[in-house]
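Please read the sequence and the model below together. The text after them goes from the overall fold to single residues.

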Amino acid sequence: MRINTNVSSLTAQEAAQNTNKTLTNSLEKLSTGLRINKASDDASGLAIADKLRTQATSINQGIANGNSAVTLLQIADKSMAEQSNILDTVKAKLIQANTATTSTDGRKAIASDIAKLMTQFDNIAKSTNYNGTDLISASAANLDFQVGEDSTKGKITLTAIDSSASAYSLGSLTSITSLTMASAATLQSTVDTAINTLNTNRGSIGSTQNQVESAVRNLMTMSTNVKAAESIIRDVDYAAESANFNKQNIISQAGSYAISQANSVQQNVLRLLQ
């Protein structure tokens, strides 16, 4: 029997250290709620989970972009709705001017009203913007909305819309000073064409908005699924890990008892010396 090196105690200590490391790792998981807290926990799992997290972040930004795009499109649509109301009023006034019961002075007053209305029509086009970006003026450009991860596949484009008076061949109405029955009749046809074109432009905005909203709904579903996939990989299963922690805790206590017994066994050698 040898007492210089307590092999039993060393073995028990090594086992206790390993158990304590496992216990500490288990406690860390329970404390953070994560199964993977460092690369050594699951290197391949960490790589996949990080990629999924990046994807989820990108998708969420795409959703935010889409919501902003919807707001922008609604601003443009509401402004053009007011322009449509103005053209409806202008047409009604032209019909009023194109009748024998309206006097020359009356047509002159109507012309003045139309000029003011069309000036406001142009002001709406010039002032409608989102964060400094012109939406329906002569200087408006194509608008690209990235609603998705991919810079190309996730892009939705609204072709530039010019909703100024001149774009609808109504520029002369902003400075009109007089009307005759004949000119009123001719202008009615011009206004009708402008109304049709304006409605077509509004339809383009509406279809783009529907496209963006559809993309946002799809992204929201994707975001939920991607986060769920990341959770399966990264998050800890509390039921399983709690059971593992309790198991390791019992083993640790048993290990401590084993170390104390291994040390006490050496004391039996003293009996041989008595």
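Predicted model: local features only at pLDDT ≥ 70, side-chain atom pairs only at ≥ 80, totals over all residues.

The chain contains 6 helices and 4 strands. Read from the N terminus, its elements follow the order α-α-α-β-β-β-β-α-α-α, with the strands placed between two groups of helices. Of the contacts with a separation of 6 or more, 77% are between residues 24 or more positions apart. Buried residues account for 36% of the 274 residues in the chain. The chain exposes about 15,500 Å², and carbon and sulfur atoms supply 51% of that area.

The interior comes next. In soluble globular proteins, nonpolar side chains tend to be buried together. The largest nonpolar core here has 53 residues. Within this core, the residues that touch the most other members are Leu87, Ile114, Met118, Leu170, Leu173 and Leu179. At least two core residues come from each of helix 2 (43-97), helix 3 (104-127), strand 3 (143-146), strand 4 (155-158) and helix 4 (181-234). Helix 2 gives the largest share, 17 residues.

Leaving aside residues up to four places away in sequence, Leu170 touches Leu87, Met118, Ala165, Thr190, Val191 and Ala194. Two of these partners, Leu87 and Met118, are themselves listed with Leu170 among the core residues that touch the most other members.

Is Gln188 buried or exposed? Gln188 is found in helix 4, and it counts as buried because its relative accessibility is 15%, where the limit for buried is under 20%. Beyond residues up to four places away in sequence, Gln188 touches Leu94, Ile95 and Asn98. Lys93 and Gln188 are 95 residues apart in sequence, yet their C-alpha atoms are 9.5 Å apart in space.

The charged side chains remain. Side chains of opposite charge can pair when their charged atoms come close. The structure holds 8 salt bridges. One of them joins the side chains of Lys38 and Asp41, with an N to O distance of 3.4 Å. Both partners are partly exposed: Lys38 has a relative accessible area of 36%, and Asp41 has one of 21%.

Another salt bridge, at 3.1 Å from N to O, is formed by the side chains of Asp50 and Arg53. These two residues are 3 residues apart in helix 2, so about one helical turn separates them. Asp50 is partly exposed at 26% relative accessible area, and Arg53 is also partly exposed, at 42%.

Which parts of the chain does the salt bridge between Asp77 and Arg202 tie together? The closest N and O atoms of Asp77 and Arg202 are 3.0 Å apart. Asp77 lies in helix 2 and Arg202 in helix 4, so this pair ties together parts that are 125 residues apart in sequence. Arg202 is partly exposed, with a relative accessible area of 26%. Salt bridges that share partners also join Asp50, Arg53, Glu230 and Arg234 into one network.

How values were computed
Residues numbered from 1 in each chain as written. Heavy atoms only, no water. Core = buried A, V, L, I, M, F, W, Y, C linked by side-chain atoms within 4.5 Å. Buried < 20%, exposed > 50% of the residue type's maximum accessible area, 1.4 Å probe, protein only. Contact = heavy atoms within 4.5 Å. Areas by Shrake-Rupley, 256 points an atom, 1.4 Å probe, with all protein chains shown as cover. Salt bridge = Lys/Arg side-chain N within 4 Å of Asp/Glu carboxyl O.
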